[in-house]
Amino acid sequence: MRTLYPPISPYREHTLPVDALHTLHIEECGTPAGIPVVYLHGGPGAGISPTHRRFFDPKRYRIVLIDQRGSGRSTPFGELRDNTTQHLVADIEKVREHLGIERWLVYGGSWGSTLSLAYAQGHPDRATGLIVRGVFLGREEESRWFAELNGGARWIFPERWDRYEAHIPQDERGNMLDAYWKRLDHADEAIRIGAAQAWLGWEDNAATLVHDVDAVSAADPLDTLAKARIEAHYFRHNSFLDQGQLLRDIDRIRHLPGSSCRGATTSSVRRAVPGTWRRRGRKPGWRWSSPATAPTKRPRPTPLCGPPTLSRIAAEQKGPTAPFSIPRYSRANPQASRPAEYERGQ
């Protein structure tokens with residue numbers, strides 16, 4: 001059975017002004033003297049949640065969670081000014097310095113994987129290793145594949161796409177991102193909220209193959225609006241990265257041990273660092289809760305092979321983390337648990 005570590009509360013919280021406009025909310029969980037790890041949330045704009053505290057063994061890790069600019073409990077909420085990838089990378093360094101941490105393990109999923117790679121490439125001497133899940137490299141073709149009529153995601157999630165597309169008049173569907181931004185930035189709040197709900201109705205549910213196609217979000221409309229605006233803000237600017245930047249600069253982190261799990265572009269990263277990074281999970285999905293992505297608490301971790309991998313991180317840092325003990329079902333490993341959805345052939 002797939003489980004996370006038990007619920008925990010932060011032992012310390014911080015509010016850190018990072019410039020004249022933005023103040024970050026930061027949590028520290030686990031063991032103050034433990035192995036430092038920073039968790040970078042997705043979105044952009046999603047914020048941290050109590051569930052994210054449970055990915056690592058709290059007896060072994062000093063877990064740092066950051067609400068990125070405009071997200072969660074950071075202020076101003078939903079703010080787009082001075083909110084770019086470069087600002088977020090600089091913020092992570094300010095948090096590290098504020099907490100007195102020399103080096104830390106960097107963990108991120110989906111957008112968090114983008115930010116993890118950007119941070120580690122900018123500060124390779126401050127990372128002990130990387131764990132990335134649902135890898136997204138911020139390239140124009142990835143955004144187009146996901147959000148545009150000539151992309152590929154629409155064929156995988158047709159019911160959800162129909163609702164996403166229906167919100168935009170037919171004569172504007174040639175550029176869905178611009179059409180949505182026009183409404184997300186509209187003077188009328190009702191139009192902004194309607195666009196945000198349609199945007200996230202697609203984005204949130206197309207992140208995993210296992211979802212209810214008729215589910216409707218119960219999130220606060222203003223929270224939905226803030227997250228949708230931040231996401232579209234980054235998508236419109238190709239994540240504020242040069243085209244192919246994260247692969248171009250992969251040599252800066254080639255020496256770091258790492259592990260990747262899921263995502264349309266996970267294989268691109270692994271090809272760029274052959275024999276160095278370990279892949280976890282083979283079924284599609286960007287969310288941490290997708291089948292074979294969700295962490296599992298087990299008495300003994302599944303060994304990771306290939307030099308150097310997260311087994312090396314665990315050895316050097318004296319302990320495995322929950323996400324690396326996921327048993328992967330295969331003919332060679334028939335005892336590994338797999339979700340009921342797959343048993344039913346769904």
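Predicted model: local features only at pLDDT ≥ 70, side-chain atom pairs only at ≥ 80, totals over all residues.
I started with the largest nonpolar core, which has 62 residues. Val 64, Val 95, Trp 104 and Trp 199 have the most contacts inside it. I then looked up which helix gives the most to this core, and it's helix 7 (residues 189–203), with 7 residues.

Next I picked Val 64 and listed its contacts, skipping neighbours within four places in sequence. The list holds Ile 26, Glu 27, Glu 28, Val 37, Val 38, Tyr 39, Val 95, Leu 99, Ile 101 and Trp 104.

Then on to Thr 114, which sits in helix 2 (residues 111–122). Buried or exposed? Thr 114 has 0% relative accessibility, so it counts as buried. Again skipping neighbours within four places in sequence, I found Thr 114 in contact with Phe 136, Leu 137, Gly 138, Leu 241 and Leu 246.

The axes of helix 6 (residues 176–184) and helix 8 (residues 221–236) come within 10 Å and cross at roughly 140°. That angle is why helix 6 is oblique to helix 8. I also noted that helix 6 passes helix 8 in a left-handed crossing. Who makes the contact? From helix 6 I have Leu 177, Trp 181 and Leu 184. From helix 8 I have Leu 225, Ala 228, Arg 229, Ala 232, His 233, Phe 235 and Arg 236. Sorted by class, the contact of helix 6 with helix 8 has 7 nonpolar, 1 polar and 2 charged residues.

Terms used: Residues numbered from 1 in each chain as written. Heavy atoms only, no water. Axes fitted to C-alpha atoms, helices over the stretch in contact; angles between N-to-C directions. Helix = DSSP H or I, 4+ residues; strand = E, 2+ residues; numbered from the N terminus. Parallel < 35°, antiparallel > 145°, perpendicular 65-115°, else oblique. Left-handed = near helix turned anticlockwise from the far one by under 90°. Contact = heavy atoms within 4.5 Å. Nonpolar A, V, L, I, M, F, W, Y, C, P; charged D, E, K, R; others polar. Buried < 20%, exposed > 50% of the residue type's maximum accessible area, 1.4 Å probe, protein only. Core = buried A, V, L, I, M, F, W, Y, C linked by side-chain atoms within 4.5 Å.
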